[in-house]
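This briefing covers salt bridges. Look at the sequence and the structure first, then read the points below.

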Amino acid sequence: MTTLTFDSINPATGEIVDSHPKQTPDAVHEAVGRAEEAAAWWAALGPAERRRRLLDYKAVLAQHLKELATLVHQETGKPVGDATLELVLTLTHLDWAARNAQKVLGRRRVATGMIGLNLAATLEYLPLGVVAVIGPWNYPVFTPMGSIAYALAAGNAIVFKPSELTPGVGVRLAELFRESVPEHPVFQTVTGLGETGAALAADPRVKKVAFTGSTATAKRVMAACAENLTPIVAECGGKDAFIVDADADLGAAADACLWGAMANAGQTCVGVERVYVVDAVYESFIRELSERVTKVKAGEHYGPITMPGQVDVIKRHIDDATKSGRVIAGGPESVRAPYVDPVIVEDVPEDSPAVREETFGPTITVRRTRDAQEALSLANASAYGLGGTIFSRNARRAAELARLMRSGMTAINSVISFAGVPALPFGGVGDSGFGRIHGADGLREFARPKAIARQRFAMPGMNLTSFNRGPAELERLVRLVTFLHGRRKR
């Protein structure tokens, strides 16, 4: 039987990078079966041996860093330097997950309280089994490995479905893993289009799905998972806000804003898309931003739009914004597929698509606000809630604004810096999804808590869980509870 294939294309040149099989639901089913057996073996290795294997895998990836960066460059079009940075961040997360899994997930004693005085209680986090990871194309290593590395460290086996735009990267990640773990297929990659991912999400032997993509697609994946009550962690993009307070370092803020918006051609889920600037420094900030944007060139500082269909969304948003707002840089003529030059538009209405919908391109809208509080209110008036940024020299006010920003992560006087801290969880609220990868929360996301209570001795005169319990024992319980909890706090 002939195996159907599809091509991965270099979006910058249109050249074919490689061909990959469209794996059928039957092939996916077989892969999950292999993963189920591998998961039992991987879990039985224990945390110390898994740590050793994962740190060895980290070394293998580091040794192939240039090769992988080139492949990422070919399949996404992003500059090799940006691909290299993506891989370096991946290595730091893999290292953290491997070194911290036992500390976060291992068995520990917990307090039992006065009522449980005769008990010993422990809590630990056990592997789930098979975890399915459905990855994106914009950061084809860093983003899926944020789930893969932490799920592997937690003792699970992985079946990874990369984006059809970047399948080669996913295939190579699994191939290199086998150099460190040759015995069993603990980490497999399946390639294909939408039906391949759908088959993976619908397999009842998958114990959790980690999905990154659009909100609309996440809802379809959730519907497939609902058939088997399979839990899901979903990261669905954002419309991140950047707030510039009256006392901000304007040069640093403009520089960070521009990079956060334009890097990777704006194809970053936590990229800057909306900018709110306090009135007192608005004109000065705009000057700083305008001067810097003239030096940023598509095709030189960032690559093409990787997904051809996204060009239409970007063009629609630019057309809408420039009709109602004032152009600072670029405009409709900035769209020259597959590239889009930087676009900055101010005074775009807050209810316009360019402000409300995720653009995923090198564009930003800028708005003047009375103060930082109004900027925060506008920033929070979004269905999305993934990341965000605050620039202010007042550390206390910046921290408070960051805390009140409706987002999973916020950077202060930097941009997207939280992604580089392995101990910090990554994820959103609202239309940006739910669940967390990275950090201790990311490890626990791919494990199940196991609680155990053991009676150390019989409690004299208070056998409460017995049909032999009498009125005297109940009265003693009431007196004890009243003593412990009956005093009102004023």
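The side chains of Glu288 and Arg292 form a salt bridge, with N and O 2.4 Å apart; a salt bridge is a side-chain nitrogen of Lys or Arg within 4 Å of a carboxyl oxygen of Asp or Glu. The model is predicted: local features need pLDDT of at least 70, side-chain atom pairs count only at pLDDT 80 or more, and totals for chains, interfaces and linings use all residues. Residues are numbered from 1 along each chain as its sequence is written, and side-chain values use heavy atoms, with hydrogens and water left out.

**A pair within one helix**
- Glu288 and Arg292 are separated by about one helical turn, because they lie 4 residues apart in helix α10 (helices are DSSP runs of H or I, at least four residues, and strands are runs of E, at least two, numbered from the N terminus).
- Glu288 is partly exposed at 26% relative accessible area (buried means under 20%, exposed over 50%, partly exposed in between, with a 1.4 Å probe and protein chains only).
- Arg292 is also partly exposed, at 25%.

- Asp279 and Arg368 meet in a salt bridge of 2.9 Å, N to O.
- Asp279 sits in the loop between β11 (272-278) and α10 (282-293), and Arg368 in strand β16 (residues 363-369), 89 residues apart.
- Asp249 forms a salt bridge with Arg393, their closest N and O atoms being 3.9 Å apart.
- These two partners, Asp249 and Arg393, are 144 residues apart in the chain.
- Asp249 is partly exposed at 36% relative accessibility, whereas Arg393 is exposed at 58%.

**The whole structure**
- A search of the whole structure finds 27 salt bridges.
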